[in-house]
Each structure stands twice: as C-alpha cells, then as structure tokens.
Amino acid sequence: MIFWFSGTGNSLWAAKQLATALNDTLVDIAHEHTHGNHEYTLRTGESIGFVFPTHAWGPPPMVCDFARDLIVNGYSATTHCYMVTTCGDDIGLTVEILQKALGDFKLNAAFSLQMPNTYICLPGFDVDSHDTEHSKLMAAKQRIGHLITAIAERRNVIDVVRGAMPWTKSHILRPPFVSQGMNDKHFMCDSDACTRCGKCVAQCPMGNIVRTEGGTPQWNGNCTMCLRCLHLCPARAINYGKATVKKGRYHHSEFK
Ligand SMILES: Cc1cc2nc3c(=O)[nH]c(=O)nc-3n(C[C@H](O)[C@H](O)[C@H](O)COP(=O)(O)O)c2cc1C
C-alpha cells in the first residue's frame, strides 16, 4: 500500500513507478485526509510506503497529520515500512520528522529522490534551468530503479541527501516557514489573464479553491502550499504576491 501526495507530479510519478514495479496499490493522502479517512487493512505480507515532496526540510504538514491519524490493520513488527521523498536539493531531517509523526509504525527504509524544483515564492528561488530539469529527470529515472530493487528486497536502509546543517534547516528555519510561509494569504489571480477555465478549482488537492461570482479563484485558508494551482494555471494568471511574476513554472510532463 503506497500512500502518496504530490503537488506538481514529481512524487506521483515516483509513486506510480513503485506501484507498477511492485504491483502495489496507490492511496491518495490528500483525498483521504480531506475526507477524514485514515483506517486501512494490509494484505498478508504487504508493505507500507509513503511518497511525498519535501516541503521546508520536512514532510508537508498535511502528510504528518495523516501519518499521526493512521490506523493500519494487519501491521506487525515484520511489516516493511518505507518512505520516498522527492526534493529539489536536500531533505534535512524529513525522515526523523515523519518517523515522529508515524509513532509506532517503524520506518525500515527511507530514500530521497532529487527532481526538478517547484519552490519559487521567496526571492532567490526559481525553477531549474531547462538543462538542470532534464538532467534531474534523467537521473531520477535511473535512481528509481535502485529504489524499486531496495524496496522489493525489503532492505533496511536510509539513503537520503540531508544536505548541510540539516538540524538547523529542519528545526530552526522550518518552523517559521511552516507557520508564516505555508498559507494561501498571498495567492492572487490576475483577472485579466484568467480564462475562468476552473482548472485550479478542480485540481486543488485540498479542495481549498472556489470560484468567485466573476469566475476567478478564491483560496479559503486550507492550503498545503503545494503550488499546484500556480504551476498548472494554463494562463499563468496565478501568482504568490509579486514574487513569482517573473519566475518560471514547472509540472511533471506526465501530470495533467
Ligand atoms: C513549499 C515548498 C517547499 C519546498 N521545500 C523544499 C526543501 O526543503 N528542500 C528541497 O530540496 N526541495 C524543496 N521543495 C521542492 C520540492 O520538494 C520538489 O520540487 C518536489 O519534487 C516537488 O514534488 P511534487 O511535484 O510531487 O509536488 C519545496 C517545494 C515547495 C512547493
């Protein structure tokens, strides 16, 4: 059973590769969490996987909330439990933060998977160059094969890029980022550019966006900051304040 969350398709691509190769089933964390579902039953010998993007050197807080509430019937000390986190660069103490949220479910294996960056909301952050994006995607295709082998063999392994000063990033920089930088207060829509296609409303994993009477989007305070609305807007009408106006946009090519 593979629990997945993805903003712009990188983590969903990884989760699908694993599910196909391991003949496993996918469970959409955002859908389950927003519908209040948190109880599952394992088949005999089935493993538990979590696949999600790193957000501010930790799992998206919504993924931690889901992990904290999780009930898995059939789980035992022999159940293999693993996580894969996609990231632009490095993950800090994401493994330790997820493990804390999981409580008695022990992570046997953890992997990071570098993929194109999606965080663009602060000065100095932008999407990768075309060349970097291409080489990250090529490398990810290679690396996912290693992950599949390790997971299929139920290895106990921590194979992650924590980066420099992981404790500082995850325990000093992350908390203010989560409390102040991970909300929808600064999203805005250029009503001249907006075509009223409704894609942002339909695609928001949290069901957080509604249409105003004029047909433009309105964010309602339950945002997980995945940036799907911003990156997928076909008209580039959505921005996070003025900071993203001149920035690039990215979503995985298999994510529609
Ligand atoms: C709010 C936010 C915070 C992020 N924080 C990090 C980070 O701490 N480290 C990192 O390497 N990448 C970070 N990223 C980049 C994503 O982890 C990376 O692009 C990921 O592959 C996106 O996956 P997705 O397409 O499944 O959403 C962040 C992205 C967002 C939107």
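Me: In which sense do strand β1 (residues 2-4) and strand β4 (residues 48-53) pair?
Reply: This is a predicted model, in which local features need pLDDT of at least 70 and side-chain atom pairs count only at pLDDT 80 or more, while totals for chains, interfaces and linings use all residues. Residues are numbered from 1 along each chain as its sequence is written. Strands (E, at least two residues) and helices (H or I, at least four) are DSSP runs numbered from the N terminus, and two strands pair if DSSP finds at least two bridges between them. In β4, the bridge partner of Phe3 is Phe50, and β1 and β4 pair over three bridges in a sense that is parallel.

Me: Which are the edge strands of the open sheet?
Reply: Six strands form this open sheet with parallel pairing, in the order β2-β1-β4-β6-β7-β8. An edge strand here pairs on one side only, and that describes β2 (26-28) and β8 (157-159).

Me: What angle does the direction of α1 make with that of β4?
Reply: Helix α1 packs on the sheet and touches β1, β2, β4, β6 (81-87) and β7 (109-114), where residues are in contact if their C-beta atoms, placed from the backbone, lie within 7 Å. Axes are lines fitted to C-alpha atoms, for helices over the stretch in contact, and angles run from 0 to 180 degrees between N-to-C directions. On that scale, the direction of α1 makes with that of β4 an angle of about 155°.

Me: At roughly what angle do the axes of helix α3 (residues 61-69) and helix α4 (residues 94-102) cross?
Reply: Cys64, Ala67 and Arg68 of α3 make the contact with Ile97, Leu98, Ala101 and Leu102 of α4. The axes of α3 and α4 come within 7 Å, and they cross at roughly 35°.

Me: Is Ser135 buried, partly exposed or exposed?
Reply: Ser135 has its place in helix α5 (residues 130-152). Because 14 other C-beta atoms lie within 10 Å, Ser135 is partly exposed.

Conventions: Buried ≥ 20, exposed ≤ 12 C-beta atoms within 10 Å, placed from the backbone. Contact = placed C-beta atoms within 7 Å.
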